[in-house]
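I mean to look up a few places one by one and write down what I find at each.

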Amino acid sequence: MGNPEPKPLKRFRRGLVWLRNDLRLNDNTALYRGAQSCRELAAVFIACPISWQEQDEGEPVVAFRLACLRELQQRLAERNIPLYFLEIARFQQVPRAMEEIVHKLEIEALFANSEYPYNEQRRDDAVRTALKNAGLQVEFCSDRTLLPPGAVKTGGGETYKVFTPFKRAFVARCGSDYFAPLPPPRKMETAAGWPRWIQLAEQHNLVRTIPGKLPGYELTPDRNGRLLGWMPGEKAGARHLRAFREKIGRYALERDFPAKDATSRLSPYLNCGAVSIRQCVQMAFAENGGGWSGGNQGAECWLGELLWREFYTHLIAAFPRLSMHKPFKPDTDRVPWKYDAQLFRSWCEGTTGVPIVDAAMRQLNETGWMHNRLRMVVASFLTKNLLIDWRWGERYFMQRLIDADLAANNGGWQWAASTGTDSVPYFRVFNPYSQSKRFDRHGEFIRRFVPELRHLSEKAIHCPPPLDGYPAPVCDVAQSRDQAIAAFAGLRNL
DNA sequence: AGAGTTTTGTA
DNA sequence: ACAAAACTC
């Protein structure tokens, strides 16, 4: 438990919270700190569609983010915190725009929660420098992870590169510390002093209303407010967390079966910040006797998964090359990756002729999400059986996932491609047919997403005979596996 | 959070 | 004859 908070000190007349992927009122460190230390508080969100596109963030993740922001705007307004929405093309233009904003709004202090990919860090460094030079107080908070990246180091002062020792050190460091969520910000006395909008130079309009879509992003919520079936917002995120709590006891046993819906499905909310990591840990601890282990098998297992997210976020902060399309192990760039556009397209569309792969890719395309077991299966298939550059797969996932997160996605892809730290050994190649029989025994999941195969028996569905209307496999799984192993083995120092 | 083959252990 | 363990890639 933390120490009792000192009485809030309202040092600043006007503060600004810069919202990014932390779109919630509750347990938002920067928002809480801002409300605590300022008499008046506003929030700003800066959409950077070109930079987002350049780093492969696709329509699903962007649309979901904006829909969560729209919900948050209402909740902020109820607390007399106006939200200013600004769209500018690129991160590089953010510092200039931010200088103007804080000047026009007479801001004395800026609060934001840290982001850790390289481009975001550089953007934030530039903003910090610009605003400090202008005499402002700038506070970047640790919020996205349980501990700030860099807080857990090996005995030799190194970043952990292997998950298991990282986890051991992390748990030892935290013991059964309770990562208590923060309360929502207090209601500010008034919002009357804030302008409704500001005109900036270079035709940047700051407005209080949020567009449903940005140029280039066509995805809009359906009649019920859902995006690809996902309800955006902090309330929906909290509902998901509560619903998962009901079944977390079965998580360890059932999570690997994609037909079962036994996973938390919280990733879209965690990624844009509609749910916080501390809220997740608080729930899991409550189900697990108040600590990391020893209580509920399912809760314990899920806490381990949350630590994978923690691990990959610490890694993305420590190694800029992970944000730059480079493998963690440089030698793996000498793997003779293929760049076959037609094969790649069959993988993207879910027409490889390997049912479990096709079902998984269609789940991604149709719902913006894919079960984690299947993420491993399709990534192994692309990078080992097809020997296509893992970066093509990584990019496609970023473009299609509603939970697209550079740290977790890059970590997962480099794990599957054997290019990462603590990745799967190159000779350990998934057989998609074995995986299919093991984890979708009755073909239930395949039938859900590959209607052409619905009529097949559970015997035939994993590896169907030649059929009208369904492609033959694009590769021989056994042969391509051997070729991939040979290609990796041909390199030294792996 | 591998898969395939061979060896060993038990009847 | 079969399963579990032990190798290999």
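Which residue caps the N-terminal end of H19? I looked there and found that Asp 476 does so, with a side-chain oxygen that lies 2.9 Å from the backbone nitrogen of Ala 478. I note at the outset that this is a predicted model, and I read each entry below with that in mind.

**Entry on H19**

I checked the length of H19, which runs over residues 477-489: at 1.5 Å a residue its 13 residues should span 18 Å, and the end C-alpha atoms are 18 Å apart, so the two agree. I then listed its buried residues, which are Val 477, Ser 480, Ala 484, Ile 485, Ala 487 and Phe 488. Seen down the helix axis, these buried residues fall within an arc of 160 degrees, so they line one face of H19. I reminded myself that an α-helix has 3.6 residues a turn, so residues three or four places apart point the same way. Looking for what covers the buried residues of H19, I found that helix H14 (372-385) and helix H17 (432-439) are included.

**Entry on H1**

Among the buried ones I wrote down Leu 31, Tyr 32 and Gln 36. The buried residues of H1 pack against E1, strand E2 (38-47), H3, strand E4 (109-113), strand E5 (137-141) and H10. At the N-terminal end of H1 I found Asn 28 as the cap, where a side-chain oxygen lies 3.3 Å from the backbone nitrogen of Ala 30.

I found another positive phi at Asn 80, near 60 degrees; Asn 80 is in the loop between helix H3 (59-77) and strand E3 (83-87). With a relative accessible area of 18%, Asn 80 counts as buried, because the cut-off is under 20%.

**Entry on the largest pocket**

How much space lies in the largest pocket? I noted about 1200 Å³. The lining of this pocket is made by 41 residues, and those nearest its centre are Glu 305, Trp 308, Asn 372, Arg 375 and Ala 408. The elements that give two or more residues to the lining are helix H6 (163-174), helix H9 (267-272), helix H11 (297-318), H14 and helix H16 (406-416). H11 gives the most, with eight residues.

**Entry on Phe 397**

I found Phe 397 in helix H15, residues 390-400, and it is buried, with a relative accessible area of 2%. Leaving out residues up to four places away in sequence, I saw that Phe 397 touches Trp 347, Leu 364, Met 370, Arg 375, Val 378, Asn 409 and Trp 413.

Asn 288 sits in the loop between helix H10 (277-287) and H11, and at 1% relative accessibility it counts as buried. Its side chain reaches the backbone nitrogen of Asn 296 at 2.6 Å. Besides Asn 296, the residues that Asn 288 touches include Ser 293, Ala 299, Glu 300 and Leu 303.

Is Glu 234 buried or exposed? I found it in helix H7, residues 234-247, and at 5% relative accessibility Glu 234 counts as buried. A polar atom of its side chain lies 2.7 Å from the backbone nitrogen of Leu 25. Glu 234 is also in contact with Arg 24, Asn 26, Glu 71, Leu 72, Arg 75 and Ala 274.

I ended with Tyr 84 in strand E3, which is buried, with a relative accessible area of 0%. The side chain of Tyr 84 reaches the backbone oxygen of Pro 195 at 2.7 Å.

Key: Residues are numbered from 1 along each chain as its sequence is written. Chains are lettered from A and ligands numbered from 1 in the order in which they are written. This is a predicted model: local features need pLDDT of at least 70, side-chain atom pairs count only at pLDDT 80 or more; totals for chains, interfaces and linings use all residues. Side-chain values use heavy atoms; hydrogens and water are left out. Helices (H or I, at least four residues) and strands (E, at least two) are DSSP runs, numbered from the N terminus. The expected span of a helix is 1.5 Å times one less than its number of residues. Buried means under 20% relative accessible area, exposed over 50%, partly exposed in between (1.4 Å probe, protein chains only). The arc is that of the directions from the helix axis to the C-beta atoms. Contact means heavy atoms within 4.5 Å. A polar contact is a pair of N or O atoms within 3.5 Å; within protein, one must be able to donate a hydrogen and the other to accept it, and residues adjacent in sequence count only if both atoms are side-chain atoms. On a 1 Å grid over the protein atoms alone, a cavity is a set of points where a 1.4 Å probe fits but cannot get out, and a pocket is an open set with protein on both sides within 12 Å along at least five of seven lines; lining residues have an atom within 4 Å of a point. Grid points are joined across faces, edges and corners, and a volume is the space filled by probe spheres set on the points.
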